[in-house]
Amino acid sequence: MLEACRRLGVDADAVMARAGIARAEIDDPDARLSGVQADAVWREAFAVAGDPQLALHAAEALQFGAYRVLDYLGTTGPTLGEGLRRVAEYFPLVDPRGVLRVQERAEGSALVFATRAGTPLPRPAQEYTLTVLFLRARHASEAAWHPATVEFAFPRPP
């Protein structure tokens, strides 16, 4: 997300400083940010950017391959659904507070993004995650499809 902010012209170093995150924590491939730290990054990124749609714009600016393993898993499945199932299996590595599931329904497949009990995700993290997944799915399928419906657990965004 910080790299996407950089691409959008948002001062990622200022975001990290305001969130109390050291550069070493971001540069260490084995380091993990806590949910509190990740939420602070979102909060401060919005403050620095002044963009109420930052989560969506950051997802759009994120280059393919930024999530190396998940991007690989999602695009190498024999079907889009299988690729999403693979991503869902490993999603707790990105944010253990979230759970992804692919559900087969009469009207088609549904991607459900839920939170683990007692560990809510802030709205920007949900919007960012779903937008990244949507854009990755379009990339993997090489088709400009649109979801039939999108439902949120919060009021509809503008």
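The side chains of Arg-43 and Glu-44 meet in a salt bridge, with 3.7 Å from N to O. A salt bridge here is a side-chain nitrogen of Lys or Arg within 4 Å of a carboxyl oxygen of Asp or Glu. Glu-44 counts as buried at 12% relative accessibility, where buried means under 20% relative accessible area, exposed over 50%, and partly exposed in between (1.4 Å probe, protein chains only).

This is a predicted model, in which local features need pLDDT of at least 70 and side-chain atom pairs count only at pLDDT 80 or more, while totals for chains, interfaces and linings use all residues. Residues are numbered from 1 along each chain as its sequence is written, and side-chain values use heavy atoms, with hydrogens and water left out.

**Salt bridges**

Side chains of opposite charge can pair when their charged atoms come close. The whole structure contains 12 salt bridges. Two further examples lie within helices, which, like strands, are DSSP runs numbered from the N terminus (helices: H or I, at least four residues; strands: E, at least two). Glu-3 and Arg-6 form a salt bridge at 3.4 Å, N to O. These two residues are three apart in helix 1 (residues 2-7), so about one helical turn separates them. Glu-3 is partly exposed at 40% relative accessibility, and Arg-6 is partly exposed at 33%. Salt bridges that share partners join Glu-3, Arg-6 and Arg-7 into one network.

In helix 3 (residues 23-27), Arg-23 and Asp-27 lie four residues apart, about one turn of the helix. Their closest N and O atoms are 3.3 Å apart, in a salt bridge. Arg-23 is partly exposed at 33% relative accessibility, as is Asp-27 with a relative accessible area of 48%.

**Aromatic pairs**

The structure holds four aromatic pairs. Rings of Phe, Tyr and Trp (its six-membered ring) pair if their centres lie within 6.5 Å; planes under 30 degrees apart count as stacked, over 60 as edge-to-face and the rest as tilted. Two of the pairs are tabulated here.

| Pair | Centre distance | Plane angle | Class |
|---|---|---|---|
| Trp-42 and Tyr-128 | 5.3 Å | 65 degrees | edge-to-face |
| Phe-91 and Phe-113 | 5.5 Å | 85 degrees | edge-to-face |

Trp-42 belongs to helix 4 (residues 35-49) and Tyr-128 to helix 8 (residues 123-141), so their pair ties together parts that are 86 residues apart in sequence. Trp-42 is buried at 8% relative accessibility, and Tyr-128 is buried with a relative accessible area of 5%. Ring pairs also bring in Phe-46, linking Trp-42, Phe-46 and Tyr-128 into a cluster.

Phe-91 sits in the loop between helix 7 (80-90) and strand 1 (98-105), and Phe-113 in strand 2 (residues 108-115), so this pair ties together parts that are 22 residues apart in sequence. Phe-91 counts as buried at 5% relative accessibility, and Phe-113 is buried with a relative accessible area of 16%.

**The second largest pocket**

A pocket is an open set of points on a 1 Å grid over the protein atoms alone, where a 1.4 Å probe fits, with protein on both sides within 12 Å along at least five of seven lines; lining residues have an atom within 4 Å of a point. The second largest pocket has a volume of about 1,300 Å³, a volume being the space filled by probe spheres set on the points, which are joined across faces, edges and corners.

Its lining consists of 35 residues, and Leu-111, Pro-147, Thr-149, Val-150 and Glu-151 lie nearest the centre of the pocket. Helix 5 (54-61), helix 7, strand 1, strand 2 and helix 8 are the elements that give two or more residues to this lining. Strand 2 supplies the largest share, eight residues. By class, the lining of the second largest pocket has 21 nonpolar, eight polar and six charged residues. Ala, Val, Leu, Ile, Met, Phe, Trp, Tyr, Cys and Pro count as nonpolar, Asp, Glu, Lys and Arg as charged, and the others, Gly among them, as polar.

**Backbone and overall form**

Glu-142 has a phi near 55 degrees, a positive value in a residue other than glycine. Glu-142 is placed in the segment after helix 8 and counts as exposed at 76% relative accessibility.

The chain has eight helices and two strands, in the order α-α-α-α-α-α-α-β-β-α from the N terminus on. Along the principal axes, the C-alpha atoms fill a box of roughly 45 × 35 × 30 Å. Of the 158 residues in the chain, 37% are buried.
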